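Please look over the sequence and the 3D structure below before reading on. The notes that follow are grouped by topic.

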Amino acid sequence: METKDLILIKHFCTNHGIEFSFIDSLNEFGLVEVIIHEDNKYLPQDQLKDVEKMMRMHYDLDINMEGIDVISQLLKRINGLQQELLTTQNKLKLFEEED
């Protein structure tokens, strides 16, 4: 397995000044995917933005893991609905142009 697009959790936590247990908790709630390779734990690079958002929620706003889980689920749902709305608007424009 190549670790090119993976971030070592130990380095991430050290650089951001957070506890390793925070990432483990996110993983337990299914909010992030932790990849274990050769006894090291990694985060996929494409999850960093989400992890940093969750870090701010937890450390800056003092939101617990259950709250972060609910907020994350709602944000995913909102994003899905926005995509669905955009698709519907585009289809409507096509029908309007045909008239």
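Which residue of E3 does Leu-6 stand opposite? Leu-6 stands opposite Pro-44 in E3. This is a predicted model, in which local features need pLDDT of at least 70 and side-chain atom pairs count only at pLDDT 80 or more, while totals for chains, interfaces and linings use all residues. Residues are numbered from 1 along each chain as its sequence is written, and side-chain values use heavy atoms, with hydrogens and water left out. Helices (H or I, at least four residues) and strands (E, at least two) are DSSP runs, numbered from the N terminus.

**The sheet**

- Strands of a sheet pair through backbone hydrogen bonds, either parallel or antiparallel.
- Here three strands form an open sheet in the order E1-E3-E2, with antiparallel pairing; two strands pair if DSSP finds at least two bridges between them.
- Strand E1 (6-8) and strand E2 (35-37) are the edge strands, and each pairs on one side only.
- From one strand to the next, the twist averages 45 degrees; axes are lines fitted to C-alpha atoms, for helices over the stretch in contact, and angles run from 0 to 180 degrees between N-to-C directions.
- Three bridges join E1 and strand E3 (residues 40-44) in the antiparallel sense.
- Helix H1 (residues 9-16) packs on the sheet and touches E1 and E3, where contact means heavy atoms within 4.5 Å.
- The direction of H1 makes about 65 degrees with that of E1.

**Asn-40 in strand E3**

- Asn-40 is found in strand E3 and counts as partly exposed, at 29% relative accessibility.
- Buried means under 20% relative accessible area, exposed over 50%, and partly exposed in between (1.4 Å probe, protein chains only).
- Asn-40 is in contact with Leu-8 and Ile-35, leaving aside its neighbours within four places in sequence.
- Lys-10 is 30 residues from Asn-40 in sequence, and the two are 8.4 Å apart in space, C-alpha to C-alpha.

**An aromatic pair**

- Rings of Phe, Tyr and Trp (its six-membered ring) pair if their centres lie within 6.5 Å; planes under 30 degrees apart count as stacked, over 60 as edge-to-face and the rest as tilted.
- By this rule, the count is one aromatic pair.
- The ring centres of Phe-22 and Tyr-59 are 5.3 Å apart and the planes are at 55 degrees, so the pair is tilted.
- Because Phe-22 lies in helix H2 (residues 20-28) and Tyr-59 in helix H3 (residues 48-60), the pair ties together parts that are 37 residues apart in sequence.
- Phe-22 is buried at 3% relative accessibility, whereas Tyr-59 is partly exposed at 36%.

- Most residues other than glycine have a negative phi, and most peptide bonds are trans.
- Asp-39 is not a glycine, although its phi is positive, at about 65 degrees.
- Asp-39 sits in the loop between E2 and E3 and is exposed, with a relative accessible area of 78%.
- Asp-62 is not a glycine either, and has a positive phi of about 60 degrees.
- Asp-62 lies in the loop between H3 and H4 and is exposed, with a relative accessible area of 68%.
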